[in-house]
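Hello,

Please find the structure below, handed over as promised. My notes on it follow.

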Amino acid sequence: MGTLLLNTPQKIHFFDIHTHKKCESESVFSIRNYFPEKLEEISQNEYYSVGIHPWNINLNFLLDDFYRLKDFVCKPNFIAVGEIGLDKLHPFFELQKDFFSQQASIAQHYSTPIIIHCVKAFNEVFSILKKMKITVPVIFHGYNGNLQTTKYCIEKGFYFSLGKDLFRENSNACLSLWHIPQRSLFFETDDSDYTIQDIYAKAAELLYMDLEKLKQQISENFNRCFSTSF
Ligand SMILES: [Zn+2]
């Protein structure tokens with residue numbers, strides 16, 4: 001741990017925990033998400049996560065993708081397994097569970113945080129994390145769960161990454177923002193057109209919080225959560 005803390009404290013102001021886009025701003029540290037079949041597009045100076053997305057479960061390519069993922073976890077700049085998870089609105093739900101479990105166990109083995117995509121399947125995700133005895137940091141990306149789910153995640157010490165849903169008044173994300181301990185918060189752009197600066201500013205406004213204080217908090221969260229990744 002420490003490279004990031006030692007080398008970049010003045011430059012980095014914003015952390016984008018999950019994005020599919022390249023970010024050119026020097027003040028933003030972003031974790032770009034790659035799917036295993038696109039790994040050759042990774043450029044040397046970006047940090048990234050890799051995972052088989054539940055939407056991409058495809059019987060023909062699974063095994064190949066899975067082994068490519070295994071190869072990648074030891075490469076420099078790989079800092080999280082993700083996005084992985086379960087999505088009830090997509091097919092092969094049982095297979096999704098297998099792939100989620102196997103990828104979670106890779107993350108556990110390499111002490112790497114997990115970035116989770118979860119749609120209408122929180123109970124199943126929770127039960128897999130429990131069964132697999134996952135102790136590495138878990139981040140629910142694009143979080144928009146209800147209050148009961150939020151409470152469970154808080155109890156388990158999971159992290160929440162909020163994004164574009166903060167701009168929808170009365171969304172679950174907005175309501176959860178009030179309940180999530182600030183030490184468990186992250187923000188992300190995912191594939192939205194908002195910048196990470198927009199999202200921080202919106203969150204600070206909703207929390208009636210000073211933006212600088214919020215930036216400081218997220219930076220602390222990042223260094224704690226990713227302490228084993230550098
Ligand atoms: Zn995404």
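Lysine 120 is exposed, at a relative accessible area of 61%. This comes from a predicted model. The residue to look at is in the loop that links strand 5 to helix 4 (122-131). Lysine 120 is not a glycine, yet its phi is positive, at about 55°.

Asparagine 170 makes a second case. Its phi is positive too, about 65°, and asparagine 170 is not a glycine either. The loop here runs between strand 7 (159-162) and helix 6 (172-177). Asparagine 170 is exposed, with a relative accessible area of 61%.

Why flag these angles? Most residues other than glycine have a negative phi.

**A cis peptide bond**

The next item is a peptide bond. Going from glycine 82 to glutamate 83, the bond is cis, with omega near -15°. Most peptide bonds are trans. Glutamate 83 belongs to strand 4, which covers residues 78-87. Please check this bond before you set up any calculation.

**Strands 4 and 5**

Which way do strand 4 and strand 5 pair? They run in the parallel sense, and the pairing extends over six bridges. Isoleucine 84 has isoleucine 116 of strand 5 as its bridge partner.

Strand 5 spans residues 114-119 and is mostly covered. Of its six residues, five are buried. Lysine 120, in the loop between strand 5 and helix 4, is exposed.

**The chain as a whole**

Now the overall picture. The chain holds eight helices and eight strands. Its radius of gyration is 17 Å, close to the 17 Å that the globule rule gives for 230 residues, so the chain is as compact as a globular protein of that length. The C-alpha trace spans about 50 × 40 × 30 Å along its principal axes.

How much of the chain is buried? The share is 52% of the 230 residues. Take the contacts between residues at least 6 apart in sequence: 64% of them join residues at least 24 apart.

Best regards

Conventions
Residues are numbered from 1 along each chain as its sequence is written. This is a predicted model: local features need pLDDT of at least 70, side-chain atom pairs count only at pLDDT 80 or more; totals for chains, interfaces and linings use all residues. Side-chain values use heavy atoms; hydrogens and water are left out. Helices (H or I, at least four residues) and strands (E, at least two) are DSSP runs, numbered from the N terminus. The radius of gyration is taken over C-alpha atoms; the globule rule is 2.2 Å times the number of residues to the power 0.38. Buried means under 20% relative accessible area, exposed over 50%, partly exposed in between (1.4 Å probe, protein chains only). Contact means heavy atoms within 4.5 Å. Two strands pair if DSSP finds at least two bridges between them.
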